[in-house]
Amino acid sequence: MERINNVADLEALRESLHAAHDPERPVVRVCLGPGCLAKGANKVSQAFRAVIKAKKIEASLQPLIKETGCHGFCSQGTLVNLDPFDLFYVQVKPEDAEEIVENTLLKGQAVERLLYGENGTRYRSSSEVPFYQMQQKIVLRNAGVIDPLKIEDALMAGAYASLAKALTTMTPEKIIDVIEASGLRGRGGGGFPTGRKWRIAAANARKNPGSVYVVGNGDEGDPGAFMDRTLMEGDPHAVLEGMIIGAYALGSNQGYIYVRMEYPLAIRHLTLAIEQARAMGLLGRNILDTGFDFDIQINRGAGAFVCGEETALIASLEGRAGEPIPRPPYPAEKGLWGRPTIINNVETWANVPCIIEKGPDWYASLGVPHSTGTKVFSLVGKVKNSGLIEVPMGITLGQIVDEIGGGVPGQDRFKAVQTGGPSGGCIPYELKDTPVDYDSLSKVGSIMGSGGMIVMDQRDCVVDVARYFLQFLEEESCGKCLPCRLGLKSMLEFLDRFAKGQGSQEDIGELHSLARAIMKGSLCALGGTAPNPILTTVKYFEDEYLAHVVEHKCPGGVCRDLITYSIDPEICNGCGLCIRNCPQECISGEKKKSHTIDASACIRCGQCMDVCPVDAVMVA
Amino acid sequence: MSESFGNIEAILDRFPPQPEHLISALQDVQAKFNYISPATMRAVCDHLGVPISRGWAVATFYKSFSLVPRGMHDIRVCLGTACHLKGGGRIVEGLERELAVEREHTTKDLQFTLETVRCLGTCAIAPVVMVDEEYVGEANIRSLKKQLKKI
């Protein structure tokens, strides 16, 4: 890999890469995102290679196999895109490779059965598929398109052009102006205006000369969220480019990316991207001959949710236990090693090159005032089309779930959507017209958060979900401040009792006032936002809480102490699977005749329901 | 899983003797030896110039560090929100019964360590279980039992 010495070199390299690429040569893009990998995408990719090799096609005409990051439509994996045909195949299996090579790559014909179909329509191109139609990809512009392990691929897609523009035609001050004018706000959940944060740090750095640091927060800890993972795996150079531009604007020479250890692939891709950028001189000394030095180091998280909080993250970077400290001073004033530090979520960083390229007015025209641009969400749970989406801010919750997500399977409406992870809230179906932007979401008691969007249906219990998040936070509380350490425990005790059908109506009021106290008294956002799931569920689903404590019933059929399992004799085909799998051995019945559960011995583990091939096990 | 000091020195050589490298060094040590023993902890702390109390403080604060030997195979059951809604909890219970081991513990024969994790970031194919490096999406206890028998 040759070093790029200046902007002219960079553009010459980009041109030569484009010139060497024959646009007629077929390209097979196999999605190797986490969803597709779990469905055997690796084997699909290998099958393509094997089939193409066996066909002995002349080298210059041979189709290129590209292994890309996540393309988004995870529930339909393995996904394969084929150029120049603009075809999009779903649920591709290794054994389909032969037919695709023969018919599509060699003859240019579509394999109809692999096209995505919905309501009787088959879609040829991914851009026509309803799941993608309302999306607008900025952060994920290259994810699912480029091979994230090859910097050349990223360069052909335009990577580092914004860096060249920023370094050679803009002053640091001008860059901060542009970011501020774009209206970009922090994508990690807080929503603080990015430009303002940078301006504060830059001012502090002037007042107090010395080192300045930039940090990419990739410690995506919210359960039910995988936006950052997909970005770091699918287009690591977008994050790096944003950080280099930010570092130049702030006069920083050292950056860090903090990635949680549960994402080994993201760490691998980022590490490789950094090595390649370094080899090309896009990181390191005298970047593009501008005299600007900057390098990035990766730090792996060690399994602590609280390290997503910026002061805890700094403690962890310094090699200490990740306990937060009170703010102010904010990291922009006193951060890593006591020096001004900018911490932005990796998604925020990935927006930066686009804003530099297309200008702040363009960016501000997307989304809605005060929440500009797009946001990436992981749309999961009880929704037909699940996966990763990027939509303009201001789209409604209902549009996301029903139009992009295709609604809830087997039910006509969702019950609630949980946004913002453990710090967020449950928004009921009645508020489906709520626009998804920072301010509207906080108005209904939830938050934008990092972008997890979990759809719940009538078979889910809001008391159980509130309890789930509390359990999570109680485990993850670092224990430094009392309101969080003991308060979360006490709240959990209430919910544990509710889940057993115990407690009283007054307890719901007590829980409410405890929640308020924890919000006010906690040291950091972990405790400060922990009551959100409870406050929103009590507000919107009070009847369900009352059903638990007054009627001792769980309407969703989830809370174990309040349910009974039985077998529908009309549906049961007598296969015996439940009998063999019941740990209590409390199911009986003859072969091919309906089985019955002995309720007195049943521990309600639900194993019978999970193994039943005909869904005969009912819960009430 | 021997703990020869020759091996640990190769790891420590990668880190300049500064306290900030404590977490990274412990991570690499654990990756190599599969847990942090008192001897390896002492070696790491001596090398970085960190009091041993701080070494233990860090190792017990972060969940990913194990202070006891782990099993040959890792089974990680995701209990992220999507997996929770889709029955991840029932899968852990099923595996606890199947392997006769509690979650976050290792079987007596040191074959399996059964762990729960809060989100593997593969929510679209919930419930998810990771058996060593392999993701099992839309997992169910029946197929998992079969898979474990094969190992």
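**Notes on the model**

1. Chain contact. In this predicted model, 41 residues of chain B are in contact with 46 residues of chain A. On the side of chain B that touches chain A, two or more residues each come from α2 (22–33), α4 (52–61), α5 (81–85), α6 (88–99), β5 (134–136) and α7 (141–150) of chain B. Sorted by class, that side of chain B holds 21 nonpolar, 13 polar and seven charged residues.

2. Helix pair, geometry. In chain A, the axes of helix α19 (residues 482–499) and helix α20 (residues 505–521) come within 10 Å and cross at roughly 160°. Angles over 145 degrees count as roughly antiparallel, so α19(A) is roughly antiparallel to α20(A). The crossing of α19(A) past α20(A) is left-handed.

3. Helix pair, residues. From α19(A), the contact is made by A:P483, A:C484, A:G487, A:S490, A:M491 and A:F494. From α20(A), the residues are A:D507, A:L511, A:L514, A:A515, A:A517, A:I518 and A:G521. By class, this contact of α19(A) with α20(A) has nine nonpolar, three polar and one charged residues.

4. Sheet, layout. Chain A has an open sheet of five strands in the order β15-β14-β18-β16-β17, and its pairing is mixed. At the edges are β15 (387–392) and β17 (425–428) of chain A, each of which pairs on one side only. On average, and with direction ignored, neighbouring strands of this sheet are turned by 30° against each other.

5. Sheet, one strand pair. Strands of a sheet pair through backbone hydrogen bonds, either parallel or antiparallel. In which sense do strand β14 and strand β18 of chain A pair? Strand β14 (residues 374–381) and strand β18 (residues 452–456) of chain A pair in the parallel sense, over four bridges. A:S378 stands opposite A:G452 of β18(A).

6. A single residue. A:E475 lies in helix α18 (residues 462–476) of chain A. Is A:E475 buried or exposed? A:E475 has 12 C-beta neighbours inside 10 Å and therefore counts as exposed, since the cut-off for exposed is 12 or fewer. A:E475 and A:D457 are 18 residues apart along the chain, and their C-alpha atoms are separated by 27 Å.

How values were computed. Residues are numbered from 1 along each chain as its sequence is written. Chains are lettered from A and ligands numbered from 1 in the order in which they are written. This is a predicted model: local features need pLDDT of at least 70, side-chain atom pairs count only at pLDDT 80 or more; totals for chains, interfaces and linings use all residues. Two residues are in contact if their C-beta atoms, placed from the backbone, lie within 7 Å. Ala, Val, Leu, Ile, Met, Phe, Trp, Tyr, Cys and Pro count as nonpolar, Asp, Glu, Lys and Arg as charged, and the others, Gly among them, as polar. A residue is buried if 20 or more other C-beta atoms lie within 10 Å of its own, exposed if 12 or fewer, and partly exposed in between; C-beta atoms are placed from the backbone. Axes are lines fitted to C-alpha atoms, for helices over the stretch in contact, and angles run from 0 to 180 degrees between N-to-C directions. Angles under 35 degrees count as roughly parallel, over 145 as roughly antiparallel, 65 to 115 as roughly perpendicular and the rest as oblique. A crossing is left-handed if the near helix is turned anticlockwise from the far one by less than a right angle, and right-handed if clockwise. Two strands pair if DSSP finds at least two bridges between them.
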